[in-house]
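Visitor: Could you walk me through how to read the disulfides here?
Guide: Gladly; let us look at the structure together.

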Amino acid sequence: MTSNTPRSRFSLTALSLGLVALLTACASAPPPGSRSVTVERTTFGIAHITAPDYEGLAYGTAYAHAQDNVCQTAEHLLTLRGDRAQFLGAQNTGDFGLGRMPNTQIDLFVRYHMDDAALARAAATTSADVKASLRGYVAGYNRYLQDAGPNGLPEACRGKPWVRPMTAADLARATEQSMIQGGLGALAGAVLAAVPPAPGTKTGAAPVALQEAVAELGRHSFNANPEGGELGSNGWAFGRNATPDGRGLLLGNPHFPWNGTNRFWQMHLTIPGQLDVMGATGGLSPVVSIGFNKDVAWTHTVSTGKRFTLYELKLDPNDPTVYWVDGQPRKMVARTVVLPAAATPGGAPVQHTFYATNWGPVVSLPRAGLGWTAQKAYAIRDANTLNVRSAESWMKMGLARNVGELRAAMGNQGIPWINTLAADRDGNAMYADLSVVPDVSAEMLKACAPSPAAAALLNAAGLPVLDGSRSTCAWHRDASAAAPGIIAPARMPVVVTPDWVQNSNDSFWLSNPETAPMAGVSPLVGPVGVPQRLRTRSAIMEIRGRLAGSDGLPGNRMGAAELRSVIFRDRNLAGMLVMDDLQAACTAAGAALNADQALGCRVLSAWDRTSNADAKGAVLFREFWRKAKDLPKVWRVPFDPVQPVTTPTGLDMATAATRDAVFKALGDAVGIVRTAGFAADVALGLPQSRTVRGQKIALHGGDEFEGVLNKLESQGQPLIDPKGYAVNYGSSYMQVVTFDARGPVAQGLLTYGQSSDLASPRAYDQLPLFAAKQWHPLPFHPADVQAQREGKPLQLAY
């Protein structure tokens, strides 16, 4: 093999970087086996890991995580290597972060996108502590594989040929996959769909209605689909003016998948005299991402910020793989990826040719009007590609002593696609969107819109499409930003207050409605003056009611006990907004209703407007509102940007067309519930349940579109069927944290438990606690760890 091809040069560069890193590590690290890490387990298998340095912490974290989730990790590594089709079947599907795709498509995309040489170069820029942590994680996972042996693994991966040791390149790919979930990863299918038009094709794209385009983009969206299925969360933080003791108070309530490597795992990391932090993290991560130390607690919610822009390309009429920039032609770079013959049933190799431009890879979304035609094509530029800064952000956050230091810890802009909410022992609360967003101003969005259709997509769906034929439409480069082309921290929205802040996946606009939002923020960070999610409105209503003392609880401050109670009240905001009008219309309609409509009226009139497990009518309302919410002009009072928390509201039952459509939706919902085999007044917990070790556990909580803060969903199969709702998404790791003279006072939950192995006693062992609306005291202090300890500590030399 010669060394003058780009691929050879990249390989040699990666090898050189790896050798330099290895020699440096060997020169500075203590001899192997001279240090040790201790892993203790407390109630529910929470892992407490103590080591003298970050390498040891990561070693113990990887080992303990593998004890609970080795098969999950091994399959994820298979995904990251692009080998799913070969070992798990070409016709089967897998999970690439946000949605299921055929294994062959996952493999093709992974093999195309993952550039080990580029990832190695990026990793070389990280701090010594980050390098040590990543090195320790790889070694700790491999130590577990060695200790367990291939026949000592859980049944799902026991003796499987695809269970292999982890490499540094694997872990780098895992980070990259996590970073691009908010952009390129969510559009992996569109990258695979980008095929140039056949030679001689002269026609352009068929016209697409804006509404259809918006719906199609919603299906590919990371965080803008109101139907759910996207990553989300609730985060609330209270300062000294809002709590009974003047200490800070925090709620963390992420809504994440119950399956896959986006599952959380609880851990407590200690380097004596240096670090003491507890919380949770996702798979293949050596750091606490949501948690607390003795002085400050934080959580994350998915931000509305855009992580990418599309660029519209003007193509050469004679060659659809040539595009023009500033009047000069540029040839797309074509690269064909071939899967091994063993990856397909017939032995024939599968291959796909990808096309890249200076702006990024070409994508195609024809149903959204963004297909590849003879005249136009579209490329995506993702700001989180090669973002290796997140581990250092979370490391420094674990050391912070207040919200000011926590904010400074995020100054390297490693936080990829999430907001941060925090509270400290001094009674300060913070909301900050310091995520990674392309540096594109409102003025540039207007000036660089390539067409009125592109401008309409921006306004309707928030999708930024820029003119790729002009180099002046490249992202602005601010020298104070952590990476070229992203918005610098000083121009991102941050609120620090002694009052309160919240976020439920809407933009920074109403983080505290009584505080004026930061001016001059790019529209790509988030919209202002638009209708809010029902969860956002519900959060603000609950907080305002508690602080006004008008919510039925004693006092007018938010304490930890009140906060735990409020988040589990399971009020159904959609029901609260529309049921008065529906009941009045039911009474007025009387005998004009058909049998199913009349039954629906009776059931919903008796419903308590909650999504508690024993709520009779909650199931029927869910199926009714699923159909009715999108009816034209369904709201009696439309959205008013001056009253964004209380509008829109009511049902417009005075308009005959709306009234007829609403009653039809109600009758249809009765039929849907009946067809699934349930009575119209079935209690929610009967179809919304999970069987754990022979015990059927009724679950409280509601869907995204119902506005229930405690969100539970059935991603991929949201409709009720004879088995009920297959809940696999929503409230996951939960924490309520305040402070006393000793430090943090924390209670928490991990709905699905520490283990993803269903045969493990740690799988779903916390779900009964969740179902009973109870919380578990999180053992942070040594005496509490000692009191909850289960089994003997594990000592690992490394």
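**Reading the disulfides**

Guide: The link of Cys 586 and Cys 601 is left-handed, with -75° about the S-S bond. This is a predicted model, in which local features need pLDDT of at least 70 and side-chain atom pairs count only at pLDDT 80 or more, while totals for chains, interfaces and linings use all residues. Residues are numbered from 1 along each chain as its sequence is written, and side-chain values use heavy atoms, with hydrogens and water left out.

Visitor: What is a disulfide, in general terms?
Guide: A disulfide is a covalent bond between the sulfur atoms of two cysteines. Here a pair of cysteine sulfur atoms within 2.5 Å is taken as one. In the case of Cys 586 and Cys 601, the S to S distance is 2.0 Å.

Visitor: Where do Cys 586 and Cys 601 lie?
Guide: Cys 586 is in helix α16 (residues 573–589) and Cys 601 in helix α17 (residues 595–606), so the pair links distant parts of the chain, 15 residues apart. Helices (H or I, at least four residues) and strands (E, at least two) are DSSP runs, numbered from the N terminus.

Visitor: Are Cys 586 and Cys 601 buried or exposed?
Guide: Both are buried, a word that stands for under 20% relative accessible area, with exposed being over 50% and partly exposed in between (1.4 Å probe, protein chains only).

Visitor: How many disulfides does the count come to?
Guide: The count is three. Counting bonded cysteines along the chain, their pattern is 1-2, 3-4, 5-6.

Visitor: Which parts does the disulfide of Cys 71 and Cys 157 tie together?
Guide: The sulfur atoms of Cys 71 and Cys 157 are 2.1 Å apart. Because Cys 71 sits in helix α2 (residues 54–80) and Cys 157 in the loop between α6 (128–148) and α7 (168–179), the pair ties together parts that are 86 residues apart in sequence. This link of Cys 71 and Cys 157 is left-handed, with -75° about the S-S bond. Cys 71 is buried at a relative accessible area of 12%, and Cys 157 is buried at 0%.

Visitor: And what joins Cys 448 to Cys 473?
Guide: A disulfide does, with S to S at 2.1 Å. Cys 448 lies in the loop between α12 (442–447) and α13 (452–461), and Cys 473 in the loop between β20 (465–467) and β21 (494–497), so parts 25 residues apart in sequence are tied together. The link of Cys 448 and Cys 473 is left-handed, at -95° about the S-S bond. Cys 448 is buried, with 4% relative accessible area, and Cys 473 is buried at 0%.
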